[in-house]
Amino acid sequence: MDITAEDLFDRLQDESDKEQLEQLLPKVESWVTTNNKDFFFSFKSIDTIPSGLYSMTYTDNNGFGLSKMEYKSEEFFHLPSLPHKQIVADLQAFWDNKQKFIDYNLNPKRGIILHGDPGCGKTSLIYLVVEEIKKRDGISIYFDIPQNWIEIAKLVRKVEKDRPILCIIEDIDLVIAKHGEEPFLNFLDGLNSITNVVYVATTNNLERIPDRIKDRPSRFDKQYVIKKPNDADRLLYFQTKLIKSDIKKYDLNKLVKDTKNFTMAHLKEVFISLYILNNPYDEVIKRLKGSKITDNSIGFDLDGNDDWW
């Protein structure tokens, strides 16, 4: 709605509007126009965004955008049994040979699925891959709603024309159950697919993903099973977490043996219960052997109302 000069004058008499304008003035740095006729004041513009992990966002004033997500990379471990190196090697081979896709008139994109029991480290593995993508100055985007991704992906590609993109789809089986298969097919290899992108999806239930999505090459090309930490994984986890004064508090070999078949989530709880809260050893092990701990997701609550518009 257009505001007349008189309306603007009246609004500026209101102290709250006047204060808001005074706060905005220092941030105004440029002009913006959509038709080369009407020109408006704009905030600072940048040609590219920093490499990192982002969630998709939307506001009435600004439309679609990306919001930086903070995380502590040191909390995630390169456990020996995780296929981290293999996944990174696959991604490097893809990006190193991107031009060959183009030479053969193929859309440069790949898809991988990480599957396994809850709490086994799928989210941790994603963060490790995000760190690798940052080394290529790429951006990782946390996916939530297919229709929103379609719009944002096109906008990102318009601004970041050739930048590596990692799209993270956690619990893809739940997302498909909520939004249907067709939107996925549309952006995986349909009219709304984009170039130079890798899709990384996770699931606790591989069998719940429709065959035409999970088993068709060019949609999701590889599947990696993420198993529970083995003996070497569990030993490395505790050795890495513990400070020097706590190393000999318990026999680590016994602890590794007693935590067989524990997930990463269980191991974290063992560490907190034993070394932070000083709970009795036998009680902690017995309690956790009978417990089920689910994955910690990166971003959104799929059971909640996460629609923007």
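Me: In which loop does aspartate 137 lie?
Reply: Aspartate 137 sits in the loop between α5 and β6 (139–142). The model is a predicted one, and the values below are computed from it.

Me: Is aspartate 137 buried, exposed or partly exposed?
Reply: Aspartate 137 counts as partly exposed, because its relative accessibility is 43%.

Me: What is phi for aspartate 137?
Reply: Phi of aspartate 137 is near 60 degrees, which is a positive value in a residue other than glycine. Most residues other than glycine have a negative phi.

Me: And what is phi for aspartate 171?
Reply: Phi of aspartate 171 is near 50 degrees, again a positive value in a residue other than glycine. Aspartate 171 belongs to the loop between β7 (165–169) and α7 (172–179). Aspartate 171 is buried, because its relative accessible area is 18% and the cut-off for buried is under 20%.

Me: Let us step back to the whole chain. How many helices and strands does the protein have?
Reply: There are 13 helices and 9 strands in the protein.

Me: What percentage of the residues count as buried?
Reply: Of the 309 residues, 41% count as buried. The accessible surface of the protein is about 18300 Å², and carbon and sulfur atoms hold 51% of that surface.

Me: What share of the contacts joins residues 24 or more positions apart?
Reply: Among contacts with a separation of 6 or more, 74% come from residues 24 or more positions apart.

Me: Now isoleucine 139. Where does isoleucine 139 lie, and which residues does isoleucine 139 touch?
Reply: Isoleucine 139 lies in strand β6 and is buried, with a relative accessible area of 0%. Not counting residues up to four places away in sequence, isoleucine 139 touches Ile49, Pro50, Ser51, Gly52, Tyr54, Ile133, Val156, Arg163, Pro164, Ile165 and Leu166.

Me: What separates the C-alpha atoms of isoleucine 139 and glycine 52?
Reply: The two C-alpha atoms are separated by 5.3 Å, although isoleucine 139 and glycine 52 are 87 residues apart along the chain.

Me: On to helix packing. At what angle do α3 and α5 pack?
Reply: Helix α3 (residues 84–96) and helix α5 (residues 122–135) pack at about 35 degrees, and their axes are 10 Å apart. The crossing of α3 past α5 is right-handed.

Me: Which residues meet there?
Reply: From α3, His84, Ile87, Val88, Leu91 and Trp95 meet Leu125, Leu128, Val129, Glu132 and Ile133 of α5. By class, this contact has 8 nonpolar, 1 polar and 1 charged residues.

Me: Leucine 91 is in α3. Is leucine 91 buried or exposed?
Reply: Leucine 91 is buried, with a relative accessible area of 6%. Leaving aside neighbours within four places in sequence, leucine 91 is in contact with Val129, Ile133 and Val198. The C-alpha atoms of leucine 91 and arginine 110 are separated by 8.3 Å, and these residues are 19 apart along the chain.

Me: How do α6 and α8 cross?
Reply: The axes of α6 (residues 146–159) and α8 come within 9 Å and cross at roughly 20 degrees. Therefore α6 is roughly parallel to α8, as angles under 35 degrees count as roughly parallel. The crossing is left-handed.

Me: Which residues make that contact?
Reply: Pro146, Gln147, Trp149 and Ile150 of α6 make the contact with Pro183, Phe184, Asn186 and Phe187 of α8. The classes are 6 nonpolar, 2 polar and no charged residues.

Me: And α10 with α12: what are the angle and the axis separation?
Reply: Helix α10 (residues 231–241) and helix α12 (residues 264–276) pack at about 40 degrees, with axes 11 Å apart. So α10 is oblique to α12. The crossing is right-handed. Arg234, Tyr237, Phe238 and Lys241 of α10 form the contact with Met264, Leu267, Lys268, Val270 and Phe271 of α12. These residues divide into 6 nonpolar, no polar and 3 charged.

Me: Last one. Where is asparagine 196, and what is in contact with asparagine 196?
Reply: Asparagine 196 lies in the loop between α8 (182–189) and β8 (197–203). Asparagine 196 is buried, with a relative accessible area of 2%. Leaving aside neighbours within four places in sequence, its contacts are Phe94, Trp95, Lys98, Pro108, Arg157, Asp162, Arg163, Pro164 and Ile165.

Definitions and conventions: Residues are numbered from 1 along each chain as its sequence is written. This is a predicted model: local features need pLDDT of at least 70, side-chain atom pairs count only at pLDDT 80 or more; totals for chains, interfaces and linings use all residues. Side-chain values use heavy atoms; hydrogens and water are left out. Axes are lines fitted to C-alpha atoms, for helices over the stretch in contact, and angles run from 0 to 180 degrees between N-to-C directions. Helices (H or I, at least four residues) and strands (E, at least two) are DSSP runs, numbered from the N terminus. Angles under 35 degrees count as roughly parallel, over 145 as roughly antiparallel, 65 to 115 as roughly perpendicular and the rest as oblique. A crossing is left-handed if the near helix is turned anticlockwise from the far one by less than a right angle, and right-handed if clockwise. Contact means heavy atoms within 4.5 Å. Ala, Val, Leu, Ile, Met, Phe, Trp, Tyr, Cys and Pro count as nonpolar, Asp, Glu, Lys and Arg as charged, and the others, Gly among them, as polar. Buried means under 20% relative accessible area, exposed over 50%, partly exposed in between (1.4 Å probe, protein chains only). Accessible areas come from the Shrake-Rupley method with a 1.4 Å probe; for residues, only the protein chains shown count as cover.
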